[in-house]
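Please look over the sequence and the fold below before reading on.

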Amino acid sequence: MSKLIDSLPDENGHFGVYGGRFVAETLMEALEELQSVYDKMKNDAEFQAEFDADLAHYVGRPSPLYFARRWTDILGGARVYLKREDLNHTGAHKINNTIGQALLAKRMGKTRIIAETGAGQHGVASATVAARLGLECVVYMGADDVKRQALNVYRMRLLGATVVPVESGSRTLKDALNEAMRDWVTNIDNTFYIIGTVAGPHPYPAMVRDFQCVIGREARRQIQQAEGRLPDALVACVGGGSNAIGLFYPFLDDEGVALYGVEGGGDGPETDRHAAPLCSGRPGVLHGNRTYLMEDDNGQIIETHSISAGLDYPGVGPEHAWLKDIGRANYVAVTDAEALQAFHDLTRFEGIMPALESSHALAHGAKLAASMDKDNVIIVNLSGRGDKDIHTVAGLEGIKV
Amino acid sequence: MSRVAECFARLKTEGRKALIPYVTAGDCQPGVTVPLMHAMVAAGADIIELGVPFSDPMADGPVIQQACERALAHGVSLHDVLEMVATFREKDDETPVVLMGYLNPIEVMGYVPFAQAACDAGVDGVLTVDLPPEEGVEVVKIFKEAELDPIFLLSPTTTAERIGKVCASASGFVYYVSLKGVTGAANLDVAAVAAKLDEIRGLTDLPVGVGFGIRDAETAAQVAGVADAVVVGSAVVNRIAANVAQPDRIAPEIAALLSDMRRAMDA
């Protein structure tokens with residue numbers, strides 16, 4: 001296989017036929033400006049040093065790579081390591097990217113930050129960096145998600161952000177993204193849009209990936225220290241796909257490392273209630289890029305379902321679409337029920353309460369580990385902690401907290 | 001010469017400006033649209049912009065978002081929109097019809113099959129909000145081969161360099177979005193629009209339409225003073241929204257609005 005790292009996107013933001021920049025004219029100039037600033041900062045030693053220092057002292061990196069000994073014994077197969085992004089400041093991998101984009105916003109003289117959020121983790125991470133830099137922050141969140149992630153909504157408000165519930169469309173993440181785009185187009189002069197995942201118009205998919213790659217770079221070094229070799233497989237959940245690409249990317253050229261992206265299977269990918277575009281969608285154009293989408297025969301985007309708000313999105317980052325088509329990564333779906341089981345298992349066996357998003361990766365990681373030999377090694381990205389989901393889990397069990 | 005080019009050529013000899021109303025096809029029910037198109041022509045519309053409903057209209061404000069939702073509640077698809085144009089053409093072979101919408105429904109139909117079907121139905125131009133010319137090289141070729149005018153947007157943020165690039169891909173006319181924002185926004189600054197139009201006219205010979213923020217006869221007349229065409233969207237769609245319970249009143253109310261605009265523009 002030819003070298004994949006640093007090969008894509010091309011200068012127009014395309015990953016094969018995916019990606020690109022499909023936006024209204026008003027945004028074109030802003031995206032070109034962002035790209036030119038980012039291209040400069042990518043190779044700017046001072047910017048990178050500031051980013052690295054923030055990751056070390058504010059986020060708390062490197063995050064540990066934890067050997068889940070008891071869970072490994074119970075599964076009876078491969079040795080399972082967890083990349084502990086849940087231990088980052090604000091409780092998920094999202095902060096890696098918001099730190100990077102906020103530094104860019106500051107460099108570009110923007111005074112106002114907007115963000116979309118599904119589970120609320122990206123909203124919290126955006127509100128956090130805005131508070132720290134003294135920037136105004138507006139977070140768009142689907143009205144249904146506002147209800148199911150009440151704790152994160154309050155957290156954002158405590159941090160000084162304005163949370164705007166979005167009542168249009170399916171009232172989830174995709175509609176929050178639409179509304180954030182509308183805000184951006186209206187307030188383009190003073191506003192920086194921090195997109196939370198590896199989707200959207202170029203340069204966002206590549207830029208967010210670059211900020212999240214710290215996950216994979218650390219994991220690669222840590223597993224070599226722990227095991228003296230690279231892992232046999234990596235597993236991560238995929239909504240838009242930022243934690244997955246962050247883990248996968250530094251391993252793309254390591255042919256012996258299998259990559260598994262896990263989508264929100266809802267009631268099952270064979271039903272019409274799921275959020276698994278890579279498993280059962282098809283290519284189309286939404287939110288600024290060409291990628292796999294959940295859509296009907298007329299090109300209308302259809303409502304998705306996942307127990308996890310962070311996976312409840314009808315599209316996926318274009319680089320994942322490309323990795324699927326070239327066969328470098330495998331994409332699978334895990335149902336709500338399987339994810340919930342993994343949530344309980346990790347909590348009871350390891351004393352770690354995972355986010356429902358990450359529980360999808362854990363559920364597939366458990367299946368995979370059990371099917372492998374004892375001398376195999378896998379890394380599961382524990383992308384976030386589960387505190388925010390306690391109300392959802394309790395509600396499903398009929399318990400009022 | 002395309003119907004759009006013919007229309008602008010005729011208006012130029014008459015010393016008049018084009019009035020271009022926008023409606024979302026199938027809003028508030030599919031039966032409303034074709035009779036409404038005829039009523040708008042009778043009231044003085046020169047070109048009709050027919051919106052293709054989309055589930056995620058990112059560049060639209062609440063008025064047109066809700067129009068899309070009303071049309072989609074009736075399952076109105078791109079196929080249905082093309083059928084409406086074909087039905088319109090049975091009685092009107094002159095008035096240009098431009099489809100306006102988002103890329104994905106066309107992408108799913110396939111660009112070549114869509115271009116053929118649109119041409120057969122009697123569509124004259126296509127404006128896809130989320131397709132900048134950079135991504136549209138192949139699509140523009142297909143549209144032009146099918147004699148569909150690719151219509152592109154220009155905005156207050158479009159640089160001179162990009163104006164040239166966008167206009168090189170466009171035909172029929174170009175559509176200047178008068179303000180930074182989504183459809184249905186307020187506060188049109190006519191002086192600022194005039195200044196930008198001067199810049200645009202220095203870079204292209206295509207007619208320039210102006211839209212966003214035109215809500216009544218007064219603003220229509222002001223914009224007609226500087227532009228080649230006046231595009232009215234949310235103000236028209238508002239009349240549909242207000243009459244969902246009595247759809248018989250939609251066409252007369254919109255006709256009255258357009259007649260007022262026509263009179264003010266021609267005065």
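**The open sheet and its surroundings**

In this predicted model, four strands of chain A form an open sheet in the order S1-S2-S12-S11, with antiparallel pairing. Strand S1 (14-15) and strand S11 (282-286) of chain A stand at the edges with a single partner strand each, so one side of each is left without a neighbour in the sheet. Helix H13 (residues 318-325) of chain A packs on this sheet, where it touches S1, strand S2 (18-22) and S12 of chain A, and its direction makes about 45° with that of S12(A).

Strands of a sheet pair through backbone hydrogen bonds, either parallel or antiparallel. Here S11(A) is joined by five bridges to strand S12 (residues 288-293) of chain A, and the two run antiparallel. Along this pairing A:Gly284 has A:Thr291 as its bridge partner in S12(A), while A:Leu286 stands opposite A:Asn289. The hairpin of S11(A) and S12(A) has one residue between the strands, and in it A:His287 takes a positive phi near 55°.

S12(A) also pairs with S2(A), in the antiparallel sense and over two bridges, and there A:Phe22 stands opposite A:Gly288 of S12(A). As for its cover, S12(A) has six of its six residues buried.

Terms used: Residues numbered from 1 in each chain as written. Chains lettered and ligands numbered in written order. Predicted model: local features only at pLDDT ≥ 70, side-chain atom pairs only at ≥ 80, totals over all residues. Heavy atoms only, no water. Pairing = 2+ DSSP bridges. Contact = heavy atoms within 4.5 Å. Axes fitted to C-alpha atoms, helices over the stretch in contact; angles between N-to-C directions. Buried < 20%, exposed > 50% of the residue type's maximum accessible area, 1.4 Å probe, protein only.
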